[in-house]
Amino acid sequence: MSPINKVIINKETTISPIWIMRQAGRYLPEFREIRKENTDFIKLCLNQDLSSVITLQPLKRFELDAAIIFSDILMLPYGLGQKVEFERNFGPKLGELNINEIIKTDEIDFVEKIYNVYKAIKKVSSDPILNNKNTIGFVGAPWTLLVYMINQQSPKKKLKENFFKDNFLINRILLIIEKFLKIHIKQQIESGANIIQIFDSWAGLLDEKDLPNYIYTPTLNLVNYVKSLNVPVICFPRDIKNYKEFCDIVKPDVISIDYNVNPKNIIKNIKIPVQGGLDPKILLTDKETLKKETIKYLEIFKDHPYIFNLGHGVLPETNPEMVKCLVQTVKEYK
Ligand code: CP3
């Protein structure tokens, strides 16, 4: 059994496997080399040869326990026919959302449009470097995708004015997102993904009263769907105020925590396996600080099933030597 499965399924506490959000990305010179020649990010994700190479780049350097497929949560709106572009130093830019166009998309159109993502998963998951390691497939949570599709760009700290204006439209879009997320999840699993992570990067934007409608209900539906396919599911509701309530209602197999939460409160209140937490900015300091902060998390979670990860994606300005030091510290911890 893979180390990550031992933690998730057997609830082992004697090991802390490690993978890193955004482990395949701009902090690696070998990624930047490929990216330089491939200016269209979506096209790069849909180039199965290059996206498989990129997915495996961090595993060639570091003793990581999983590969996360090089793709993006915004492949979903792209597959539905909404325009998605990535602008340098700006982030994603989406075209106007046209519900009348989107409802014309059927399952076959959608799968065809992003089929190469699944081919890349097939390729990666059968690579010998992943022997006894996991291949992580992922999706954006319905709420976070809704935010991008309506807001047309990262909301930073603010949603478009009148975001909630047309409630009927919002609920229709949520249902469409959910339907196609299930298709996307199933295809990833059939291609070899053996864990699914649901990224809810903008969960923290909502008021408590809106959590049931926009987060709990749609995420619970997805979690139940992944479970019905016999694959573990990790949820990352970034910046949510009440992780315990989220776990009690949504019941993921693993909860991934952000760096704003106090891990000591998590350990007190949450019984399911935990992932992540360490602030990615710690990787921008020095090795001594990094080791100290890493060991802090390992100590807190030493009697709890725990998968080491960061509290958000690794920052582009990170020195790969610091990632190496992090992985070594986790591997050497007894
Ligand atoms: O290594 C991995 O984690 C796998 C690949 C992956 C990417 N995006 C590649 C990527 C994953 C899991 C994602 C998820 C994703 N994408 C999220 C959820 C996680 C999070 O960060 O909160 C979100 C919100 C997105 C949307 C997105 N994609 C944004 C906001 C950006 C621009 C920000 C940035 O870092 O530049 C992207 C682009 C993106 N996705 C890059 C990568 C490697 C950078 C592309 C580049 O310019 O080279």
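Guide: Happy to! A word on naming comes before the tour: helices are DSSP runs of H or I with at least four residues, strands are runs of E with at least two, and both are numbered from the N terminus. Please also keep in mind that this is a predicted model.

One cavity of 30 Å³ or more is present, and the volume of the largest cavity is about 30 Å³.

I198 belongs to strand 5 and is the bridge partner of V139. Strand 5 (residues 195-199) runs parallel to strand 4 (residues 134-140), and five bridges join the pair. Both are members of an open sheet of seven strands, ordered 1-4-5-6-7-8-9 with parallel pairing. At its edges, strand 1 (66-68) and strand 9 (306-307) each pair on one side only. In general, the strands of a sheet pair through backbone hydrogen bonds.

Now for the open space. The largest pocket has a volume of about 2000 Å³, and of its 50 lining residues, R22, R26, G91, P92 and P316 are the closest to the centre. The class count for this lining is 25 nonpolar, eleven polar and 14 charged. Helix 2 (29-37), strand 2 (84-87) and strand 3 (91-94) each supply at least two of the lining residues, with helix 2 giving the most, four.

R22 and R26 come up again around the ligand: 23 residues surround it, and the closest are R22, R26, R35, D72 and S201. In R26, a polar side-chain atom lies 2.5 Å from a ligand oxygen. A side-chain N or O atom of H312 is 2.7 Å from an oxygen atom of the ligand, while a polar backbone atom of A24 is 3.1 Å from a ligand oxygen. On its own the ligand has 870 Å² of accessible area, and the protein covers 88% of that.

Terms used
Residues numbered from 1 in each chain as written. Predicted model: local features only at pLDDT ≥ 70, side-chain atom pairs only at ≥ 80, totals over all residues. Heavy atoms only, no water. 1 Å grid on protein atoms, 1.4 Å probe; cavity = no way out; pocket = protein on both sides within 12 Å on 5 of 7 lines; lining within 4 Å. Points joined across faces, edges and corners; volume = space filled by probe spheres on them. Nonpolar A, V, L, I, M, F, W, Y, C, P; charged D, E, K, R; others polar. Pairing = 2+ DSSP bridges. Near = heavy atom within 4 Å. Polar contact = N/O pair within 3.5 Å; in protein donor to acceptor, adjacent residues only side chain to side chain. Areas by Shrake-Rupley, 256 points an atom, 1.4 Å probe, with all protein chains shown as cover.
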